[in-house]
Amino acid sequence: MANDETKQSGIQRMPLPADRRSAPPPSKLLSGLHSRGALPHLKRAGGSYFVTFRLAGTLPQEVLMNLKRERAVIIDHAAAENRPLTWQEQQELFNWYAEKVDKYLDAGHGDCWLRREHVASLVASSLHFFAGERYTLGAWVIMANHVHVVVHPEGSWTLSKILKSWKNYTALEATKLLQRAGQAFWQNESYDHWCRNDEDRGRCIYYPTMNPVAAGLCKRAED
């Protein structure tokens, strides 16, 4: 029904052409900054990511609270300005994670189900199952209580969908193997770092490659 202005002028308002209409904002799962709880997640369409997911209960609550306070300044500063994290801030968060969280995980706290060969093999098989189809694997390592992966999503697959697929399947099958039905296997929150360029991606590939050496599990990455 025409409004009063249209009735008085006799002018019909035509809809805007498609190229002048406001495009919907891109999903933050593809591009932008979002959070599902403890950690921020910066996504870029067509990007590669360094990802860590860990077993449930590997970081006690008091440790998590201390780590949250340490990184709060970086997160709050970006949130106050309603902007994505800068490159320097991303690097500070990556260094914070590597120096604090991963060091704690490498000490082997909590359940270390991934030390069991049949459980680790299950996770490794899951990582490779859709490689070359849904994603490209750059590097990966399975530690006693956590997993590092450098991954590049392909096609319409987002990092969030890939992680959900890995974690849901392996959690279901691992709890069967361990006879722990109904108990949490993975921690809900994962850590991810967008690889800004080839140099950054190279550093991210180097990290999981050398993680067993840094944790004292072997003398050389080749071992």
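This is a predicted model: local features need pLDDT of at least 70, side-chain atom pairs count only at pLDDT 80 or more; totals for chains, interfaces and linings use all residues.

Student: What is the geometry of the pair formed by Phe50 and Tyr207?

Tutor: The ring centres of Phe50 and Tyr207 are 5.4 Å apart, with 85° between the planes. Planes over 60 degrees apart count as edge-to-face. The pair of Phe50 and Tyr207 is therefore edge-to-face.

Student: How many residues apart are Phe50 and Tyr207?

Tutor: Phe50 is in strand β3 (residues 48-54), while Tyr207 is in helix α6 (residues 198-214). The pair links distant parts of the chain, and the separation is 157 residues.

Student: Is Phe50 buried or exposed?

Tutor: The relative accessibility of Phe50 is 1%. Buried means under 20%, so Phe50 counts as buried.

Student: Which residue lies over the face of Phe130?

Tutor: Phe130 also forms an edge-to-face pair with Phe129, at 4.8 Å centre to centre and 80° between the planes. At 3.4 Å from the ring centre of Phe130, over its face, lies Arg134.

Student: How many nonpolar residues are in the lining of the largest pocket?

Tutor: The largest pocket has a volume of about 300 Å³. Among its 18 lining residues, those closest to the centre are Leu114, Ile142, Met143, Ala144 and Leu217. By class, the lining has 4 polar residues, 2 charged and, as the number asked for, 12 nonpolar.

Methods
Residues are numbered from 1 along each chain as its sequence is written. Side-chain values use heavy atoms; hydrogens and water are left out. Rings of Phe, Tyr and Trp (its six-membered ring) pair if their centres lie within 6.5 Å; planes under 30 degrees apart count as stacked, over 60 as edge-to-face and the rest as tilted. Helices (H or I, at least four residues) and strands (E, at least two) are DSSP runs, numbered from the N terminus. Buried means under 20% relative accessible area, exposed over 50%, partly exposed in between (1.4 Å probe, protein chains only). A charge sits over a ring if NZ of Lys or CZ of Arg is within 6 Å of the ring centre and within 35 degrees of the ring normal. On a 1 Å grid over the protein atoms alone, a cavity is a set of points where a 1.4 Å probe fits but cannot get out, and a pocket is an open set with protein on both sides within 12 Å along at least five of seven lines; lining residues have an atom within 4 Å of a point. Grid points are joined across faces, edges and corners, and a volume is the space filled by probe spheres set on the points. Ala, Val, Leu, Ile, Met, Phe, Trp, Tyr, Cys and Pro count as nonpolar, Asp, Glu, Lys and Arg as charged, and the others, Gly among them, as polar.
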